[in-house]
Amino acid sequence: RGRGGRTPTVLRGPNGEIRDGRGPQYLGVNAVSHPAHAIPPPQPLAPGGNPYDRSAPPVELADEEDEGFDDDGEIDLTGAQAQRTLVKSTEAFNKLVVLWNGKKPNKKKKFKSLKRDDIVGKVDNNGAMENPTNPPIRAILAWYAEQLLTVPLVKNGKKGKKFFKPNVMKQYFTTLKAEIFRKHRVLGKAEGPQPEWYSEILSRLKLRAVTEAMGRGEKVSKKAVGFARKALAECCEFLMKQTNGNVGAEERAVLLMLYHAVGRGGEVSSTSWDLAEWKDDVECLMTQWGETKKGQQYGMSFHPDASNWRVCIFNALACYLILTGGCPDSPDRASVSSEEAGVHWIFPSFVNLVDGGCAKKASNILQKCRDGGVKRLPKDSTSHGIRVSATDDMIHNHLVSVFVVIARGGWDFEADSTAFRYFSHMKHIAVGGRALAGWADPNSDVKAPSLEPLFAIIGR
C-alpha cells in the first residue's frame, strides 16, 4: 500500500462515457453529471422473489427479548423500544382477558377499559388511597403474572403454542406496571415506585418463569449466541453468490456494517450518507451511529480489512453501491432511491419498517445463510449475535483495552466523564474498528487502499 505520484487521468465508464471523478452526491460532494450510468442490468430474482419485502405482515406476538429491561423499578417509557414493548404487553394482557372471559364466569376488563376505581380504589379527601398496601391493581397484576406463567400465547408451528421466554414475561409485566403507575401517580406516593406487594409478585414471577422453563427443557440464558469471524466470512461469500446480486450485495453490507459498528439489528436503519464523511487524518469512513434504544448518537469509524476482502466493509459498500446505486429504474433493486426516501439513507429498504422489522430482517439474512449451507453459523443466532461476535473478537485481542470495547459498543460506563469522551473517545472507537478489521496491531495507523500506486506505475 505504498504511495506514489499521481498522474491526472480521464475517468470513463464501461460504455466509454466520461465521468466526473469528484465522487457521489451522498458523500457531500458533486455528483456525476452523466444522466445514466452504464451498470450491468440486474440479475433476475431468485425463485420465490425477495424474501424481505416490507409489505409482509408482522407476526402477532413473538417471544424475542426486547433489550434493556433489566431494571425492576420504574421504566422509562419515552424510548421507542419501551413503547414497542408496551404495545406487546397490552396485546398479551388483552389476549389473556379474552381467553379468560371465554371460560370463566367472573369477567375481566381489557387494559384500556380499566378505570381509576379498578386500579387505585377509593381515595380520601386529600387524594390519598384508603388502602395503599392492597389496591385493586394488586389483584390485577397478580392475575396477569399467573396467566403469563400458565397460558401459552406464542405460535409454535404445528406444535400449537408455547410460553414466552422468562425475560419476556418479566419485561411485559414490568412495562405494564410502569404504564399504570405513570398514569396513576397516587400508586407510588405511599410506598414509592416499588411497593412491597409489587416486589413480591415480581419476585415470584421471575423465579417461577425460570424454574418452569428449565422444567420444559428450554434455554433460559439471556446471552445471545455469537459466532466466529470465519462464519461471518462464509455468510458474506454466500450472499455474493446469490442469483439476485443486488439483494445479496445489500445483505452482505448490512451484516458487515452491524459487525464493524458492534450494532444492534435495528440500528442499521438510522445510518445515512448525509452524516458520513471521509477522515483524511486516519483514512477511514466516519458515520454517526444512532442507538434508538438509548436515544444517543456518536461517531463510528470504518476501516479496511487487513487481509480478507469477504469481511471488508469498504469492499462490501463498494459492491453494494455499484450493484444498486446506479439503477434507479430497476424494478427489483434492493433499495429505494435517495430521492424517494427523502434522506440519503445508506440502507433505505431497512427504514420505516414495522416495529422490530429491521432487526427481524437482519436476522432473516442469517437464517438465509444458514439454510443455504453456512454450517459454521449456530442455528439460534440472530442479528444481536453479530454484536456479541464483534464484542468477543475485541475482548480476545490482547492489544485492545476494555475502554476500547466499551466505547465501540456504546455501553454506559460509571467512570466515564466528559473529559474522557472529549480527549480519547474517538481514539478508542478507531482502535476497536481496526481490531474488528483484522489488523495485527490495532493501535497502529492503518492506510486505506488507494489507486495512487497504480497511477504512479502508469505515469512512469
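**Figure 1. Cys-369 and its neighbouring cysteine in the predicted model.** Cys-369 is buried, with a relative accessible area of 0%, in a model that is predicted. The closest cysteine sulfur to that of Cys-369 belongs to Cys-235 and lies 3.9 Å away, which is too far for a bond, because a disulfide requires the two sulfur atoms to be within 2.5 Å. A search of the whole structure finds zero disulfides; Cys-319, for its part, is in no disulfide, and the nearest cysteine sulfur, that of Cys-312, is 9.5 Å away.

**Figure 2. The salt bridge between Asp-305 and Arg-229.** The side chains of these two residues, Asp-305 and Arg-229, meet with an N to O distance of 2.4 Å. The pair links distant parts of the chain, 76 residues apart, with Asp-305 in the loop between strand S7 (296-302) and helix H9 (313-324) and Arg-229 in helix H7 (residues 229-240). Asp-305 counts as buried at 5% relative accessibility, whereas Arg-229 is partly exposed, with a relative accessible area of 24%.

**Figure 3. The salt bridge between Arg-376 and Glu-234.** A salt bridge of 2.5 Å, taken from N to O, joins the side chains of Arg-376 and Glu-234. Here too distant parts of the chain are linked, since Arg-376 is in the loop between helix H11 (357-371) and helix H12 (383-395), Glu-234 is in helix H7, and the two are 142 residues apart. Both partners are partly exposed, Arg-376 at 46% relative accessibility and Glu-234 with a relative accessible area of 29%.

**Figure 4. The salt bridge between Lys-368 and Glu-251.** The closest N and O atoms of Lys-368 and Glu-251 are 3.0 Å apart in this salt bridge, which links Lys-368 in helix H11 to Glu-251 in helix H8 (residues 245-261), 117 residues apart. Glu-251 counts as buried, at 2% relative accessibility.

**Figure 5. Helix H13 and the residue that follows it.** Helix H13 (residues 402-409) is largely enclosed by the rest of the structure, because six of its eight residues are buried. These buried residues are Val-404, Val-405, Ile-406, Ala-407, Arg-408 and Gly-409. Just after H13, Gly-410 takes a positive phi of about 75°.

Figure 6. Leu-451 is placed in the loop between helix H14 (418-436) and helix H15 (452-458), and counts as exposed at 54% relative accessibility.

Terms used:
Residues numbered from 1 in each chain as written. Predicted model: local features only at pLDDT ≥ 70, side-chain atom pairs only at ≥ 80, totals over all residues. Heavy atoms only, no water. Helix = DSSP H or I, 4+ residues; strand = E, 2+ residues; numbered from the N terminus. Buried < 20%, exposed > 50% of the residue type's maximum accessible area, 1.4 Å probe, protein only. Salt bridge = Lys/Arg side-chain N within 4 Å of Asp/Glu carboxyl O.
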